Amino acid sequence: MSAVTVETPPGATRSTRRPAASPSLLAALRWEVRKLGAQYRARAVLLGALLGPIPVVAVIHAQSRAPKDTLFGRYATTNGFSLALLILGFACQWILPLLTAVVAGDIFASEDQHGTWKTVLTRSASRAKLFWAKSIAAAGFAVLMVVILAGSTVAASVLIGGHQPLVGVSGQLIGAHEALRLVLASWATTLAPTLGFTCLAILLSIATRNPAAGIATPVVLGMVMQLVGALGGIEAVRPLLLTTPYESWHGLLASPRFTGPLVQGLVVSGVWSLVALIAGFVMLRRRDITGG
Amino acid sequence: MNTLLAVDAEGVSKSFGHVRAVVDVSLQVAPGEVYGVLGPNGAGKTTLLRMLFGLIRPDAGTMRIFGRTWGEAGVHTLDGVAGFIESPRFYPYLTGRQNLRGLAALDGGDSVDRIEEVLDVVDMTARADRKVGGYSYGMRQRLGVAASLLRQPELLVLDEPANGLDPAGIRDMRALVRRLAGSGLTVLLSSHHMDEVEEICDNVTIMSRGNVSFHGSIADLRAMAPEPGHVLHTSADTDAVAIARQHPGVDVTPDSDGRLRVVGQERLVSAYVAAVVKAGIDLRTFAATETPLEALFFMLTDDEDAVEGPRTTREEAAVR
């Protein structure tokens, strides 16, 4: 070891030292993004979102009998837009909550797992700054994942299944150009509930301090919500479930078009996101870091 | 001279459920001082240091660092403070250098230029591009010191820095801490090794079960230390005990292992042993047990009910 060159005068105190610089939120965010980029799991999710739809599209397109009992299944083997919407319906069931939870459910709990809370919280970044940096990174990842998955699915579907006019949910024929716009818009409507699940996973990541629980619990909760949503006699509750906004795109492909569920879905997703973030923030702020 | 204390803890307490981890602890660390917090595992040392770093909140009392409190200054309380709690932890999927770069970013980014310098200080330059997941315990400890030095601290807080290291690692770590202390840094060091604290520190607080058992200088502690203890095993222990009766100031008692425990001033013990040999008794074992300071440490930190003799010493050593 070489000589120590610590620039510390004996007796130095607050009055002789300028206050330490605090990192900007952007710097903390950049650090979170860099960590995500170095993680195999996050890269695998993005790669899966990019490449996964291609074999799925190819396999469905090659089927001799179309899955007629599924929304947009009837023309899935002959129409690329139908195929993209069929996969969208499937992705909304558990794939999107799972893919976003892989990062959001881990992003706080992994600090517990690695014992690194004490490492980062003894620097100049406040808990609030770290919370927002991690939350923005997880949300950014969710958006990127949806964009890649949607882009890959739509591109593969159109290239493999063709771009003939689409038959809407009311039986109306939608021209190819308009169909592409509506298919992309339909995929875009999943952003709000996916961000809702991202925030839910963030909350569970903080609450459970366990990456496996942070990842799996939102998916299980999503499935429970779908089950509850399928039950009869709970019409008042159904719109409040975080899984319901995943169906709001149906109205875009009806004639006449209706956007009420879309607006309602945005509000519901927003409320879920806000409540989960506030609860997570309060939990992290108040927490004693005793482990690690 | 500026009178602001580096650390000024007053009546700090913390409980976890029914467990009282830290009970009404007060300590003051002056700038430039090398201060030891000593105690067995579970004494409350780490909880105290976690409160200093703001990782946990005290239930009662105040903790001022260079005059700042967490309530008033928030994260700026740690301006000029660095260190680690228990073993330093890093992101295993990043290299040592990447970890330091990230921590420098969390310090505002100014210290990025010092990464090579601090890696050199802890002799980690050659291993800095390996992933931390593959580091040995000692390498992580040294990276922890490097991460602390990045902040150019005025107060360096090290929680059992030699814990878990092999003898060579302990030697290197102690040498590093001594050099850092020699450079004028204020060092707050926690340990459960009396020799480590005795070697490095000016003043010490000894904790036991969340309470302060002793607070003062190493010199004060030495003055309170009992006579050195030895273990003796002879060919005729009964005769050896009888000879001890002719040597005032030497206390010889059989211990639970069937050997004799000899306590007394070195000079008197030497004379006693010479008498034993002169009486034709063969010496089979004669060795020092713990050092006087170690003996005092055990007296101060052992279960109160289990210790009868040193109770007076314990009472004398109560918080000043």
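The model is predicted. Chain A has eleven helices and two strands. Chain B has twelve helices and 13 strands. In chain A the focus is the crossing of helices α7 and α9, whose axes come within 10 Å. In chain B the focus is an open sheet of six strands.

**Chain A overall**

- Chain A follows the pattern α-α-α-α-α-α-α-β-β-α-α-α-α along the sequence.
- The C-alpha trace of chain A spans about 80 × 45 × 30 Å along its principal axes.
- Chain A has 292 residues, and 50% of them are buried.
- Take the contacts in chain A between residues at least 6 apart in sequence: 79% of these join residues at least 24 apart.

**Chain A: helix α7 against helix α9**

- Helix α7 of chain A covers residues 127–161, and helix α9 of chain A covers residues 191–208.
- Their axes cross at roughly 140 degrees.
- An angle over 145 degrees would count as roughly antiparallel, and 65 to 115 as roughly perpendicular. The pair α7(A) and α9(A) is therefore oblique.
- The crossing of α7(A) and α9(A) is right-handed.
- On the α7(A) side, the contact uses A:Phe131, A:Ser135, A:Ala138, A:Ala139, A:Ala142, A:Val143, A:Met145 and A:Val146.
- On the α9(A) side, the contact uses A:Leu191, A:Thr194, A:Leu195, A:Thr198, A:Ile202 and A:Ile206.
- By class, eleven residues of this contact are nonpolar, three are polar and none is charged.

**Chain A: A:Thr194**

- A:Thr194 sits in helix α9 of chain A.
- Buried means under 20% relative accessible area. A:Thr194 has a value of 0%, so this residue counts as buried.
- Neighbours within four places in sequence aside, A:Thr194 touches A:Ala142, A:Met145 and A:Val146, among others.

**Chain B overall**

- The C-alpha trace of chain B spans about 75 × 45 × 40 Å along its principal axes.
- Of the 320 residues in chain B, 54% are buried.
- Among contacts in chain B with a separation of 6 or more, 67% involve residues 24 or more positions apart.

**Chain B: the six-stranded sheet**

- The strand order in chain B is β5-β6-β7-β3-β8-β9, and the pairing is mixed.
- Strands β5 (81–84) and β9 of chain B are the edges. Each has a single partner strand, so one side of each lacks a neighbour in the sheet.
- From one strand to the next, the twist averages 15 degrees.

- β5(B) runs parallel to strand β6 (residues 155–159) of chain B, and four bridges join them.
- B:Gly83 is opposite B:Val157 in β6(B).
- Helix α5 (residues 137–149) of chain B lies across β5 and β6 of chain B. This helix runs at about 170 degrees to β5(B).

- β3(B) and β8(B) run parallel, with four bridges between them.
- B:Gly36 faces B:Val204 in β8(B) as its opposite residue.
- Strand β8 (residues 203–208) of chain B pairs with β9(B) in the antiparallel sense, over six bridges.
- Within that pairing, B:Met207 stands opposite B:Val212 in β9(B). B:Ile206 has B:Phe214 as its bridge partner in β9(B).
- The hairpin of β8(B) and β9(B) has two residues between the strands. In this hairpin, B:Arg209 has a positive phi near 50 degrees.
- In β8(B), five of six residues are buried. In β9(B) (residues 211–217), six of seven residues are buried.
- Helix α11 (residues 292–301) of chain B lies across β3 (34–38), β8 and β9 of chain B. This helix runs at about 40 degrees to β8(B).
- β9(B) is thus an edge strand with a single partner strand, yet mostly covered.

Note on methods
Residues numbered from 1 in each chain as written. Chains lettered and ligands numbered in written order. Predicted model: local features only at pLDDT ≥ 70, side-chain atom pairs only at ≥ 80, totals over all residues. Heavy atoms only, no water. Buried < 20%, exposed > 50% of the residue type's maximum accessible area, 1.4 Å probe, protein only. Pairing = 2+ DSSP bridges. Axes fitted to C-alpha atoms, helices over the stretch in contact; angles between N-to-C directions. Parallel < 35°, antiparallel > 145°, perpendicular 65-115°, else oblique. Left-handed = near helix turned anticlockwise from the far one by under 90°. Contact = heavy atoms within 4.5 Å. Nonpolar A, V, L, I, M, F, W, Y, C, P; charged D, E, K, R; others polar.
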